[in-house]
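This briefing sets out the arrangement of the chains, the core and some backbone features of the model shown below.

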Number of protein chains: 2
Amino acid sequence: MSALPACSDEVAFADWSAAVAARVEIALARTLPDEELAPQRLHQAMRYAVLGAGKRVRPLLVHAAGQLCKAPVAALDSAACAVELIHAYSLVHDDMPCMDDDALRRGKPTVHIAYGEALAMLVGDALQALAFESLCGAGAQGASAASTVRMCAELARAAGSTGMAGGQAIDLASVGLQLDRESLEDMHRRKTGAMLTASVRLGAWCGDPLDAARQAALERYAAAIGLAFQVVDDILDVEGDAGTLGKSAGKDALNDKPTYVSVIGLEASRDLARGLRDDAYAACDTLGAGAQRLHQIARLIVERKS
Amino acid sequence: MSALPACSDEVAFADWSAAVAARVEIALARTLPDEELAPQRLHQAMRYAVLGAGKRVRPLLVHAAGQLCKAPVAALDSAACAVELIHAYSLVHDDMPCMDDDALRRGKPTVHIAYGEALAMLVGDALQALAFESLCGAGAQGASAASTVRMCAELARAAGSTGMAGGQAIDLASVGLQLDRESLEDMHRRKTGAMLTASVRLGAWCGDPLDAARQAALERYAAAIGLAFQVVDDILDVEGDAGTLGKSAGKDALNDKPTYVSVIGLEASRDLARGLRDDAYAACDTLGAGAQRLHQIARLIVERKS
């Protein structure tokens, strides 16, 4: 596995993020059971769901926060795999007919289209378990046992009923409703924000503890980008096309789901995204040395086109 | 929470197991988020799926193995909740239309009947996450951080693609097939055996380490009861009725699934179950002092009527 470029102005963000994505791809390919191992079809479908596509935003956050805290890079790989596996499982279940009923994801047929509904459910279930197995491996890669327990508890909380799964339950219940802005923000802080925040925290917890002021700044950063990500998703769902997005566009409106665009309008959504990006930048200023990659990820999240 | 009766011949197994079940019920009720906490309907459905029913065999195994290893009882409660939450999530997903399509479980409508398919999927997903959150709590209850990491890794492995979820994938693929006995055993060792074995291990790992001979005996015990449980399940599916079982009887034959009864016959299945029980008894003899409850659970598993 290639070493990561050091954090310096000379190394462009594109190079660094490509190097992290490549490392994480290798780590995911090693963490996922081989297709030849029984049950083969389940393992084949798990690899199909995870490998070869995806923006890997969560792994980038893990590595960027880990760089800030001088964490061992192998421990960050374990944590990065864990958050990406949770993300991948949530997409598999989310796409199923009883949820969003989507046929296209990352430019490919969704897992239940390719492998059937029953196996898709098991793929999601098994990927969630694998996320925790991967995270436990961080302990063997330089993170302390106490940090590893703390990380497992955080991952479980972020993925669970008051985090991501809870956000999806609120999302389900909100179809056809006109949510107010506060309720919409609450839903998104759970559905997307909790796992993005967890990615930042896990990366940091693999390394040296921050002082209280920098810890608070890191939390502000995570809160800002966690919400910004979803606001931009809502904008892209209106503005994007399936070719760029790699998934169906306009599906929120089609599914009659409240979004930032439907609740506060397109221009106000754009202003909000930029404001959250600036909050994240301000937090990075407080974090100081080592926060360059976090700063660049905030820009990526707000300025992305897919 | 009431103290557990000490392990002695004077305290009948029925009293001990009722006391453990009562402790675990209280611990589960505290671990599951309150129904008043948002998202309320998800939390209501999670509690519906877990509380008030179930044989609690896995929690009994955790406490019995923990007693053998003089483990702190509060740590055992965390581990017992974890294995029971994994079990409960697997039932919720297993009952769904794309899997076994069952309407009755533990004498009540299944979760997807009561709350809809989409929420049932999220209930299962969130219960799996909660299991890991609960297990991480064992660290605060007297288990070491290193033991807690080891337990999380074991729970993840047992629940995952080479354990329970993998066994279910093999089960799905075996509908209508005539499996040989070896393949049937492999399927069941994953589908049911892995989590029963994990229950025994987690209980033991909350306490003092065993010497190598007793560790090996505990593994033999776990392997024997793990398989016995499924053999008896297959027998009860033929012999039982829905009123006693609290679930639909005869569903394996109806679903054209291979079982011990269909592969080796009813009498040979009964002999196998008794033989596995005797293996478990022999392991308990090697374990010696403190293994009384494990011995009694082996009898319970083989002689149960539901």
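**Core and overall arrangement**

Of the 206 residues in the largest nonpolar core, L155(A) and L155(B) touch the most other members; such a core is a set of buried Ala, Val, Leu, Ile, Met, Phe, Trp, Tyr and Cys residues joined through C-beta atoms within 7 Å. A residue is termed buried if 20 or more other C-beta atoms lie within 10 Å of its own, exposed if 12 or fewer, and partly exposed in between, with C-beta atoms placed from the backbone. The model is predicted: local features need pLDDT of at least 70, side-chain atom pairs count only at pLDDT 80 or more, and totals for chains, interfaces and linings use all residues. Residues are numbered from 1 along each chain as its sequence is written, while chains are lettered from A and ligands numbered from 1 in the order in which they are written.

**Confidence**

- Chain A has an average pLDDT of 92, and 92% of its residues score at least 70; pLDDT is the predictor's confidence in each residue, from 0 to 100.
- For the complex, the predictor gives an ipTM of 0.94 and a pTM of 0.94.

**Symmetry and interface**

- Chain B is superposed on chain A by a rotation of 180° with 0.0 Å of shift along its axis (RMSD 0.0 Å), using least squares on the C-alpha atoms of residues with pLDDT of at least 70 in both.
- The two copies are therefore related as by a two-fold rotation axis.
- A145(B) is the residue of chain B that comes closest to the rotation axis, with its C-alpha at 2.7 Å.
- Both copies use the same surface, since 100% of the contact residues of chain B recur in chain A; two residues are in contact if their C-beta atoms, placed from the backbone, lie within 7 Å.
- The contact takes 42 residues from chain B and 42 residues from chain A.
- On the side of chain B that touches chain A, α6(B) gives the most, with 13 residues.
- By class, this side of chain B has 27 nonpolar, 10 polar and five charged residues; Ala, Val, Leu, Ile, Met, Phe, Trp, Tyr, Cys and Pro count as nonpolar, Asp, Glu, Lys and Arg as charged, and the others, Gly among them, as polar.

**Packing of helices**

- Because 11 of its 15 residues are buried, α7(A) is largely enclosed by the rest of the structure; helices (H or I, at least four residues) and strands (E, at least two) are DSSP runs, numbered from the N terminus.
- The buried residues of α7(A) pack against α4, α6, α8 and α9 of chain A, together with α6 and α7 of chain B.
- Beyond its neighbours within four places in sequence, L155(B) contacts A82(B), I86(B), A131(B), F132(B), L135(B), A198(B) and L202(B).
- V83(B) is located in helix α4 of chain B and counts as buried, with 29 C-beta neighbours inside 10 Å.
- V83(B) and L202(B) are 119 residues apart in sequence, yet their C-alpha atoms are 8.9 Å apart in space.

**Backbone features**

- Most residues other than glycine have a negative phi, and most peptide bonds are trans.
- The peptide bond joining A38(A) and P39(A) is cis, with omega about -5°, and P39(A) is in the loop between α1 and α2 of chain A.
- K70(B), although not a glycine, has a positive phi of about 50°; K70(B) is exposed, with 10 other C-beta atoms within 10 Å.
- D101(B), likewise not a glycine, has a positive phi of about 55° and lies in the loop between α4 and β1 of chain B.
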